[in-house]
Amino acid sequence: MNNLENVMKLDREYLFQNYGNRLPVEFVRGEDSFLFDSAGKKYIDFLSGISVVNLGYSNKHYTNTLHKQIDQIMHTSNWFFNSNQVQAAKQISDHSFKGRTLFVNSGTEANEAAIKLARKYGQSIDEDCYTILTFSSSFHGRTFGAMSATGNEKIRTGFGPVVPGFEYVPFNDKEAFEEAVKRGKVCAVMVEMIQGEGGIKVAGKDFIQHVYKIAKDNGILFIADEIQTGIGRTGKLFAFEHYDIIPDIITLAKGLANGLPVGAMHAKEELLNHLGAGTHGTTFGGNQLATAAVCAVFDIITEPSFLEHIHDMSKVVFDRLENIKKGVPLIKEIRGKGLHIGVELESDGMPFVKKALDAGLVINCTAQNVLRIMPPLIIDENTLIQGLDIFEKIVKQG
Ligand SMILES: Cc1ncc(COP(=O)(O)O)c(C=O)c1O
């Protein structure tokens with residue numbers, strides 16, 4: 001039995017099989033935008049660990065920062081001050097909007113914190129003001145609050161009763177949103193500017209601006225779930241910037257620390273008192289190592305050329321995909337912004353993910369038939385083109 005077969009056997013024997021059939025590969029090393037499996041085969045990464053490893057696998061500033069921090073101290077407790085934590089919060093505030101940050105350990109926890117804050121805010125107005133509107137085919141996480149917020153019914157099935165007080169409104173439907181607000185008792189709306197797990201569905205600008213205006217007019221908090229879209233993925237540091245609005249709350253994770261499990265909920269200053277002493281917290285949240293990673297990420301993503309590069313690479317991908325689409329009827333639509341891109345197929349996407357993997361390209365499939373292209377944001381043009389060559393070949397083969 002080779003190494004991989006042994007890992008697969010132990011996986012089946014000792015782990016919950018909640019991830020279904022994992023793809024038959026173990027990546028043991030990364031370099032720039034490449035991954036290497038346990039047999040030494042090289043792959044181009046078009047997934048970034050699902051929009052996490054945005055800086056690629058060998059950013060020296062990032063790894064040096066972490067090595068140094070590990071040698072110094074990794075964790076104390078949130079009972080004590082932590083200069084990395086305040087610096088990381090300042091970075092988020094300086095580059096999104098002036099506000100307060102609470103660090104957690106994942107995207108789902110960031111959304112839990114936002115949900116708790118929204119409920120506290122609502123109940124400061126009226127004890128029945130607790131409804132949170134979210135959207136059809138949205139994904140906000142797997143814990144009870146975040147799962148209950150998730151519009152995709154499949155995620156909630158079998159776990160009932162879910163947390164009451166969430167309503168799912170058709171995405172990109174202004175009238176439906178207005179109707180839901182009219183029913184009353186709404187404290188917040190939570191939205192992904194681009195639905196990631198829902199199939200790279202982009203919110204229309206007029207839709208978001210309408211939702212924002214109605215929210216403002218009715219004292220409803222606007223929560224932008226930027227867990228998948230944030231940290232430069234869409235070509236701006238945060239996707240809300242495409243829409244000329246400033247949310248009341250944003251939630252972050254994934255690329256926030258380039259692979260360390262860190263999440264954050266960032267909210268406008270005026271919401272500070274709704275999460276006062278004793279209302280929320282977590283042991284690991286924002287520890288020295290986690291927030292050293294966040295600071296290192298911000299050092300890099302705020303370099304002037306960082307977003308420019310994403311913009312240039314995005315154009316390379318979209319131009320090429322549009323070209324490929326002309327000769328491949330299997331491709332229904334190409335969607336996305338920046339390097340957050342989905343290729344909707346007329347058929348199931350999973351066979352193409354497997355073919356790509358065999359050919360040395362890592363992609364994944366979301367919402368059944370949408371191939372997701374999310375390379376590290378630092379990917380160079382040559383590598384991008386090599387990956388797109390493989391992509392073209394496998395979709396052309398059908
Ligand atoms: C938009 C969005 N929100 C929340 C989550 C949950 O984040 P996590 O898996 O870190 O808990 C995800 C994960 O894919 C996501 O894409």
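Mentor: The domain bounds used here come from an automatic or database domain assignment. The model is predicted, with local features requiring pLDDT of at least 70 and side-chain atom pairs pLDDT 80 or more, while totals for chains, interfaces and linings use all residues. Residues are numbered from 1 along each chain as its sequence is written, and side-chain values use heavy atoms, without hydrogens or water.

In the protein chain, domain 1 is assigned residues 3-58 + 305-397, and domain 2 is assigned residues 73-301. Their centres, taken over C-alpha atoms, lie 26 Å apart. Domain 1 brings 27 residues to the contact and domain 2 likewise brings 27 residues (heavy atoms within 4.5 Å). Together the two domains bury about 2,100 Å², of which 59% is on carbon and sulfur atoms; this is the accessible area (1.4 Å probe) lost on being put together, summed over both parts. On the side of domain 1, Leu55, Lys337 and His340 contribute 30% of the area buried against domain 2, more than any other three residues.

One salt bridge is found across the interface of domain 1 and domain 2 (a side-chain nitrogen of Lys or Arg within 4 Å of a carboxyl oxygen of Asp or Glu). Arg372 pairs with Glu197 in a salt bridge, with 2.9 Å between the closest N and O atoms.

The side of domain 1 that touches domain 2 draws at least two residues from each of helix 2 (48-51), helix 11 (304-326), strand 13 (331-337), strand 14 (340-345) and strand 17 (370-373) (DSSP runs numbered from the N terminus: helices are H or I, at least four residues; strands are E, at least two). By class, that side of domain 1 comprises 15 nonpolar, nine polar and three charged residues (Asp, Glu, Lys and Arg are charged; Ala, Val, Leu, Ile, Met, Phe, Trp, Tyr, Cys and Pro are nonpolar; the others, including Gly, are polar).

For context, the same rule gives a count of 21 salt bridges. One further example joins the side chains of Lys182 and Glu179, at 3.4 Å from N to O. Both Lys182 and Glu179 belong to helix 8 (residues 174-182), where they are three residues apart, about one turn of the helix.
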